[in-house]
Amino acid sequence: MTPNQQEYLKKIHSIQENLAKTWAEYWQHYSTPSSWHFWVTLGAFILPLVILYFLIDRKKAFHLGFYGFNVHVWFHYIDTAGVYNGLWTYPYQINTIIPVSFSLVASLIPVSFMLLYQWTINHHKNYYVYATALCLFFAFIFKPLLTGIGFFQLREWATYGHLFVFYLAVILLSKWITNLFLYFEKQH
């Protein structure tokens, strides 16, 4: 490693340390358990998981869980890239360790799509039509609502239309990967 490269890495590390410290300070001022925002965010994490516990088709739990984990992972990657690149921000968070909305990425979004996926399977409905409708809801109704109450901020060039495309990418990748693994399972 060249000295110049080492110096760049040192600078990046210093900036990352300062950013983490700044987020922790911000969290202490605006997003701790003494704030109602914290409890709304925590509720958005816990409530979907409780609902899923009662509504999941236990005979298909592994299948649905695999699909939901796919939604979680892809959504987390896209959300992290958006936050990292300054396209959007979540002013209130459960913790300072993860820069995205843990409630949305790990619970609300995956559970919503899991229950929709379960419903389309159990009622022989077209997944793509209903999942697209849910993407429209999240991108053009839910996220603007979060913006209106201060839980989400779009920045730079990002629009709700971009969010819709990101949601579509997540539901397509998640479904196709799940289908691929179901195909592998049937081949055995």
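Leaving aside its neighbours within four places in sequence, which residues is P48 in contact with? The contacts of P48 are G43, S107, L108 and V111, where contact means heavy atoms within 4.5 Å. Before following these contacts, some background on the model is needed.

This is a predicted model, in which local features need pLDDT of at least 70 and side-chain atom pairs count only at pLDDT 80 or more, while totals for chains, interfaces and linings use all residues. Residues are numbered from 1 along each chain as its sequence is written, and side-chain values use heavy atoms, with hydrogens and water left out.

The protein chain has six helices and two strands. Helices (H or I, at least four residues) and strands (E, at least two) are DSSP runs, numbered from the N terminus. Read from the N terminus on, the order of the elements is α-α-α-β-α-α-β-α. Along the principal axes, the C-alpha atoms fill a box of roughly 55 × 45 × 30 Å. The chain has 188 residues, and 36% of them count as buried. Buried means under 20% relative accessible area, exposed means over 50%, and partly exposed lies in between (1.4 Å probe, protein chains only). Among contacts between residues at least 6 apart in sequence, 74% join residues at least 24 apart.

P48 sits in helix α2 (residues 36–55). Its relative accessible area is 7%, so P48 is buried. P48 and F113 are 65 residues apart in sequence, and their C-alpha atoms are 11 Å apart in space.

One of the contacts of P48 is S107, which belongs to helix α4 (residues 102–122). S107 counts as buried because its relative accessibility is 0%. Not counting residues up to four places away in sequence, S107 touches A44, F45, P48, L49, F102 and S112. The side chain of S107 also reaches the backbone oxygen of F45 at 2.6 Å. A polar contact of this kind is a pair of N or O atoms within 3.5 Å; within protein, one must be able to donate a hydrogen and the other to accept it, and residues adjacent in sequence count only if both atoms are side-chain atoms.

Next come the aromatic rings. Rings of Phe, Tyr and Trp (its six-membered ring) pair if their centres lie within 6.5 Å; planes under 30 degrees apart count as stacked, over 60 as edge-to-face and the rest as tilted. By this rule the chain has 27 aromatic pairs. One of them joins F140 and F164, a tilted pair with 5.8 Å from centre to centre and 40° between the planes. F140 lies in helix α5 (residues 127–148) and F164 in helix α6 (residues 160–187), so this pair ties together parts that are 24 residues apart in sequence. F140 is partly exposed because its relative accessible area is 41%, whereas F164, at 16% relative accessibility, counts as buried. One aromatic cluster is formed by F75, F113, F137, F138, F142 and Y167.

L134 is also found in helix α5. With a relative accessible area of 16%, L134 is buried. Leaving out residues up to four places away in sequence, L134 touches S112, F113 and L116. The C-alpha atoms of L134 and F164 are separated by 9.8 Å, while the two residues are 30 apart along the chain.
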